[in-house]
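Welcome! Have a look at the structure below, and then we will walk through some of its details together.

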Amino acid sequence: MWDAPGFETLPTKALLVSRVRGAFMLLIIIAVLAAADLVIRQFVEPAFPPLVLPGLIALAAFAVGWMWTHLVWRALGWRLDDRTFETRSGVYWKTWKGIPRDRVQFVEVVSGPLQRHYGLATLVVRTAGVYTPAVSVKDLVADVAERLRAELSPESPGGVLGNHATEPGL
Amino acid sequence: MTEPEPLVADESRPVPQPDNGEGWQRLHPATIADDVLQRLPSVAVGLFLILTGGGRDALFELVQLVVGFGALAPVVVRYLTGRYRVGPELLQWRVGVLKKVETDMPRHRIQSVDTRINIIGRIFGLETVVVSSAGGEGEITIGLVVGSAADRLRSELSPEAVAVAAVEPVEGDSTEVRTAPAIPETELATLNASDLPRVTLVNVSRLITASAGVVIGISIRVLRPAELVYFLPVLATMFALGAGVATQAIGFSSMLYGDRIRVARGIITRTKFEAPLARVQGATIRRSIPARRIGTEAISVDTADVSGKDASKQTLVHPIAPAGQWKEWVPLFLGTPVPDPGTFRRVAPVSLRRRWIAEARRAVVLGAMGGIVAWLPIQWVGRDYLVVGIAVAVTVLVPLASGLVETLSYRNERWVLGDETVAFRHGAFTTSLVIVPRVRTQGVLIRANWFQRRLGIANISVDTASPTVVGKGRDLYLTDAIAVADGLLAGVDEGGGV
């Protein structure tokens with residue numbers, strides 16, 4: 001199911017973007033920890049020098065985040081054939097979602113500034129289902145997202161998209 | 001690098017319209033005024049920051065201006081970037097600068113086209129057109145546009161217009177199959193006050209709550225006879241619970257006529273619910289322990305969410321139908337034969353082991369927490385056997401009780417993939433049987449954590465267009481889950497399933 005052949009993986013740029021997002025989050029965490037460290041030092045004098053503990057925590061978070069983003073990126077994938085659109089995701093909880101192409105209500109391509117800088121986009125495939133109303137694939141190559149949108153729009157002709165996601169130039 | 005495979009044309013489907021950039025329509029400039037009204041707080045903050053700039057150092061002033069204009073900018077984005085196009089197949093909508101949203105909604109999936117007129121619309125003679133497809137989030141809001149454009153959108157996009165313009169119906173189309181089943185007028189339930197005791201008995205949760213209310217009320221009355229103020233809310237709660245149950249008996253009626261189902265209920269406020277059978281997504285049959293003892297079951301139908309959250313509801317058809325009645329009625333509601341209960345399959349037996357291991361893990365966590373919680377009072381008051389006893393009892397009894405409930409639940413869990421339906425049964429004390437026609441499947445989700453994957457089992461959810469009916473199976477063998485998913489995904493047709 002999750003290791004089935006034919007799943008397209010995301011481009012390495014997606015991993016980079018994911019890590020950039022994580023870096024932004026890490027900067028915020030470091031700022032909060034540093035501020036907390038400085039405030040605490042107004043009242044008590046810990047045994048270790050200033051900013052050492054926030055630095056160590058940030059270093060550990062960086063290492064864990066670096067590996068975790070890789071695991072998450074490796075687990076993500078999508079597959080399209082003439083009947084269904086499938087996605088897989090998750091590291092501890094593995095999830096597989098399958099949508100019949102005939103159930104696709106409409107398709108969106110959303111891209112933020114960071115994604116556009118790296119030529120990526122998020123594909124959102126919406127169905128009438130209420131439990132899983134939208135199946136999204138984050139950080140696809142923009143061209144692939146556009147082609148998938150055209151392909152998945154209900155009036156498009158059927159056919160297999162092929163292995164384009166990881167190819168250079170897309 | 002390999003060349004991309006050419007897309008294979010399918011002559012049974014219309015070819016998408018080429019995007020030559022023509023035909024896009026913009027919104028009316030009064031959209032800006034509309035957005036100003038909608039974003040009044042941020043506009044006020046933005047104006048305040050811009051107008052109060054100056055008099056401080058240049059950097060501070062620059063930041064103030066940037067933040068001020070940043071707060072004002074969103075009010076012009078929708079007007080400057082919003083555009084729509086109605087093509088032969090698609091309604092297309094584009095908006096956004098930083099976050100661009102491009103939405104393509106197939107015209108034949110449109111469920112409703114509504115018009116809203118707010119105060120700005122009244123002043124300028126403009127309207128907002130809201131186009132909904134099935135599902136809570138499937139909505140495009142186009143506005144403000146002039147009245148004539150709104151009229152044109154309504155006439156072009158209304159489901160009736162699309163249906164008229166549609167091509168020949170596809171063979172096996174789900175909507176076509178269930179559009180007008182020839183069902184003679186059938187009375188399903190007509191209840192009165194004499195049914196109230198049985199309806200009360202089978203509503204176990206309300207019964208337990210009401211019993212707890214009685215106990216609390218009597219306790220207050222006995223312990224604090226002077227403080228009736230606490231007693232009255234208990235009485236009011238019991239009355240509300242009782243009224244809720246009473247509406248399922250006194251004056252409750254349901255019937256089938258033509259291609260519709262109608263349910264009337266309520267004593268003071270009468271509510272009549274009516275839905276076309278073509279919108280029924282599934283059926284649920286519930287049997288509590290008292291219901292099993294007196295030989296009844298509660299039958300409900302679930303309808304599609306086609307116009308927002310309010311239109312979706314589970315409609316009780318009969319709270320105390322004779323046991324086994326569902327086998328006759330559900331085929332009428334769903335338009336498909338129902339699976340034989342004898343063909344239902346158990347979930348993977350290894351599931352029981354997983355559940356008890358999960359409970360053991362919970363016992364360890366609870367034990368650790370209980371130890372910490374018990375340690376604090378022991379520090380204050382010395383070794384107290386009552387505190388230690390409570391901690392041990394909680395640590396042992398809670399997981400044990402939970403494990404027993406899980407065991408009961410495991411014994412009741414069943415599933416079957418029939419020729420035309422998929423069904424799941426679950427529940428420890430009150431069992432629920434959910435039956436979903438295969439053509440109503442909107443998607444399938446399979447999940448498994450690391451431990452489940454080691455055991456070769458997984459959970460499966462079958463999604464429909466109704467918020468109240470989701471077929472869920474827990475701890476099926478992964479091979480069975482895949483077989484169910486493959487069967488469901490291969491069995492849908494081109495009717496949209498809504």
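Phe62(A) and Trp66(A) are separated by about one helical turn, because they sit four residues apart in helix H2 (residues 52-75) of chain A. Helices here are DSSP runs (H or I) of at least four residues and strands are runs (E) of at least two, numbered from the N terminus. An α-helix has 3.6 residues a turn, so residues three or four places apart point the same way.

This is a predicted model, in which local features need pLDDT of at least 70, side-chain atom pairs count only at pLDDT 80 or more, and totals for chains, interfaces and linings use all residues. Residues are numbered from 1 along each chain as its sequence is written, chains are lettered from A and ligands numbered from 1 in the order in which they are written, and side-chain values use heavy atoms, leaving out hydrogens and water.

Over all chains, the structure holds one aromatic pair. The ring centres of Phe62(A) and Trp66(A) are 5.7 Å apart and the planes meet at 35°, so the pair is tilted. Rings of Phe, Tyr and Trp (its six-membered ring) pair if their centres lie within 6.5 Å; planes under 30 degrees apart count as stacked, over 60 as edge-to-face and the rest as tilted.

How open to the surroundings are these residues, and two others? Buried means under 20% relative accessible area, exposed over 50%, and partly exposed in between (1.4 Å probe, protein chains only).

| Residue | Relative accessible area | Class |
|---|---|---|
| Phe62(A) | 44% | partly exposed |
| Trp66(A) | 43% | partly exposed |
| Gln115(A) | 7% | buried |
| Val396(B) | 46% | partly exposed |

Gln115(A) belongs to helix H3 (residues 113-117) of chain A. A contact means heavy atoms within 4.5 Å.

Chain A as a whole has four helices and six strands. Of its 170 residues, 48% count as buried.

Now for chain B. Which residues of helix H1 (residues 31-38) of chain B are buried? They are Thr31(B), Asp34(B) and Asp35(B). Down the axis of H1(B), these buried residues fall within an arc of 95°, so they line one face of the helix. The arc is that of the directions from the helix axis to the C-beta atoms. Their cover includes helix H4 (74-81), helix H5 (119-124) and strand E7 (139-146) of chain B.
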